[in-house]
Amino acid sequence: MPSVLVDLSPLRVSPAFRRLWLGLSIANLGTQFTVVAVGLQVYELTRSTFSVGLVGLCALFPLVVFGLYGGAIVDHADRRTVALIASGVSWAATLVLAIQGWAGNGHVGLLYLLTAVQSGANAVNSPARSAIIPRLLEPRLMPAANALQTIGWNVALTGGPLLGAALVAVADYGPVYTIDAVLFTFAIVALFRLPAMPPEADDSAPRRARVGLGSVLDGLRYLGTRPNVRMTFVVDLIAMITSMPRVLFPAVALLYLGGGETTTGVLTAAIALGGIVAGLFSGGLARVRWQGRIIVGAITAWGLSIAAFGLVLVVVGRGSPDHVLWIALALAVLTLAIAGASDAVSAVFRQTILQTATPDNMRGRLQGVFTVVVAGGPRLGELLLGAVSTRLGEGGAALVGGLACVLLLALAMWLQRSFWHYDARDPQP
């Protein structure tokens, strides 16, 4: 089974990567506490799916600005220092969330503001951490490292929403945000123990003397000359903008499936559970040669799975049940788990292509773009599906979004056919 099960080599050969992976995995668990708690708190204050979608809009602007500019900073400054400062800002915002939770805040605007602060800090933190990892491991270990990170992230996505929703139901919002603040310290400690890590010089991607708009534009121009790397962003945007269903879950749990906060946590965790299963059986990913084709297949499976989730809701219909509809919930969980497994496979290879096809002193800026795409795409998707659900209902929004994902992906592949032929043995960015 060693060729099928997840490859643990990165954890064995690099103590620094092992500490960072463990610290981030624990911190991500707390982050998911906050994600589900903010959504539930906004819905409790407004009773509006669209208002929950506005959380994504509030996070989008700082995500774009600080993701792009933060990536430029990462390519000019010590990456360990950048990650520590950004982590400190995010931790402070979490402490304020905890205070307002304990105080019984009734103003949704404060939640939007704190979400924006966290989004900006995370937009800087993420490219810094991602640019660090290729310096800790050999290129041949990157698919395995990305699979391990996917497992850690999805374990957090599984346990975080379930535990967070349960805590909200039992003990309100203050304890949820407080636990997040405690768990976040594990990531800060792991980053603190890293050595200094300034960017490496590379004549093929010269560095400006000062960080500014010019540095950001250099990164975007560089990306414009790398069609296959660029397509890793395009296909993920298609999937997330058209068919990220997370914003629908509070209303689905209340109006379709029953179970309230607990069902919301189960639906969110189902996507992550699929990602965990895919990660645990990722041992063969390092041997995949035609990585572009795997990404296309995985995103197609994502779109069809989300469409199937929507079909389940359409068949069930809005009935505001006073008990859990177990058969419908089981079918919904199955479709979302398949979607999560598909997204995990896509993420491993999209990240691998980016990390192995980009020089070190340009990696921060492209990782910044990656952060904008990975985090911003779902936020736009939440806003879009939240708006569509007001016209078609939550089930119709998921069904139409999933089918739109598949059709737009086919169009993108027709326009950029070289991505289908991307060869890991001869990577052409």
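**Before you start**

This is a predicted model, in which local features need pLDDT of at least 70, side-chain atom pairs count only at pLDDT 80 or more, and totals for chains, interfaces and linings use all residues. Residues are numbered from 1 along each chain as its sequence is written, and side-chain values use heavy atoms, with hydrogens and water left out.

**The whole chain**

Show the chain as a cartoon. It has 14 helices and 0 strands. Helices (H or I, at least four residues) and strands (E, at least two) are DSSP runs, numbered from the N terminus. Of the 429 residues, 57% count as buried. Buried means under 20% relative accessible area, exposed over 50%, and partly exposed in between (1.4 Å probe, protein chains only).

The accessible surface comes to about 17,100 Å². Carbon and sulfur atoms hold 69% of that surface. Accessible areas come from the Shrake-Rupley method with a 1.4 Å probe; for residues, only the protein chains shown count as cover.

Contacts come next: contact means heavy atoms within 4.5 Å. Take the contacts with a separation of 6 or more: residues 24 or more positions apart account for 88% of them.

**Stop 1**

Val-277 sits in helix 11 (residues 260–280).

**Stop 1: helix 2 and Gln-32**

Select residues 15–46, which form helix 2. Its 32 residues should span 46 Å at 1.5 Å a residue, and its end C-alpha atoms are 47 Å apart, which agrees. The expected span is 1.5 Å times one less than the number of residues. Step past the end of helix 2 to Arg-47, where phi is positive, near 55°.

Return to Gln-32, inside helix 2. Gln-32 is buried, at a relative accessible area of 4%. What does Gln-32 contact, leaving aside its neighbours within four places in sequence? Show Trp-153, Ala-156, Leu-157, Gly-160 and Pro-161.

**Stop 2: helix 7**

Select residues 173–192. Helix 7 has 20 residues and reaches 30 Å from its first C-alpha to its last, close to the 28 Å expected. Its buried residues include Tyr-173, Tyr-177, Asp-180, Phe-184 and Leu-191. Which helices do the buried residues of helix 7 pack against? Colour helix 2, helix 4 (79–103), helix 5 (108–136) and helix 6 (142–171) to see them.

**Stop 3: helix 9**

Move to residues 227–243, helix 9, and pick Met-231. Met-231 is buried, with a relative accessible area of 7%. Leaving aside its neighbours within four places in sequence, Met-231 is in contact with Ala-412, Met-413, Gln-416 and Phe-419. Draw a distance from Met-231 to Phe-419: their C-alpha atoms are 7.0 Å apart, though 188 residues separate them along the chain.

**Stop 4: the salt bridges**

How many salt bridges does the structure hold? There are 2. A salt bridge is a side-chain nitrogen of Lys or Arg within 4 Å of a carboxyl oxygen of Asp or Glu.

Stay in helix 9 for one of them. Asp-236 pairs with Arg-350, with the closest N and O atoms 3.3 Å apart. Arg-350 is in helix 13 (residues 326–356), 114 residues from Asp-236. Asp-236 is buried at 2% relative accessibility, and Arg-350 is buried at 3%.

Now show Glu-394 and Arg-318. Their closest N and O atoms are 2.7 Å apart in a salt bridge. Glu-394 lies in helix 14 (residues 360–415) and Arg-318 in the loop between helix 12 (291–316) and helix 13, so the pair ties together parts 76 residues apart in sequence. Glu-394 is buried at 3%, whereas Arg-318 is exposed at 52%.

**Stop 5: the aromatic pair**

A search of the whole structure finds 1 aromatic pair. Select Phe-249 and Phe-309: their ring centres are 6.0 Å apart and their planes lie at 85°, so the pair is edge-to-face. Phe-249 is in helix 10 (residues 249–257) and Phe-309 in helix 12, 60 residues apart. Both are buried. Rings of Phe, Tyr and Trp (its six-membered ring) pair if their centres lie within 6.5 Å; planes under 30 degrees apart count as stacked, over 60 as edge-to-face and the rest as tilted.
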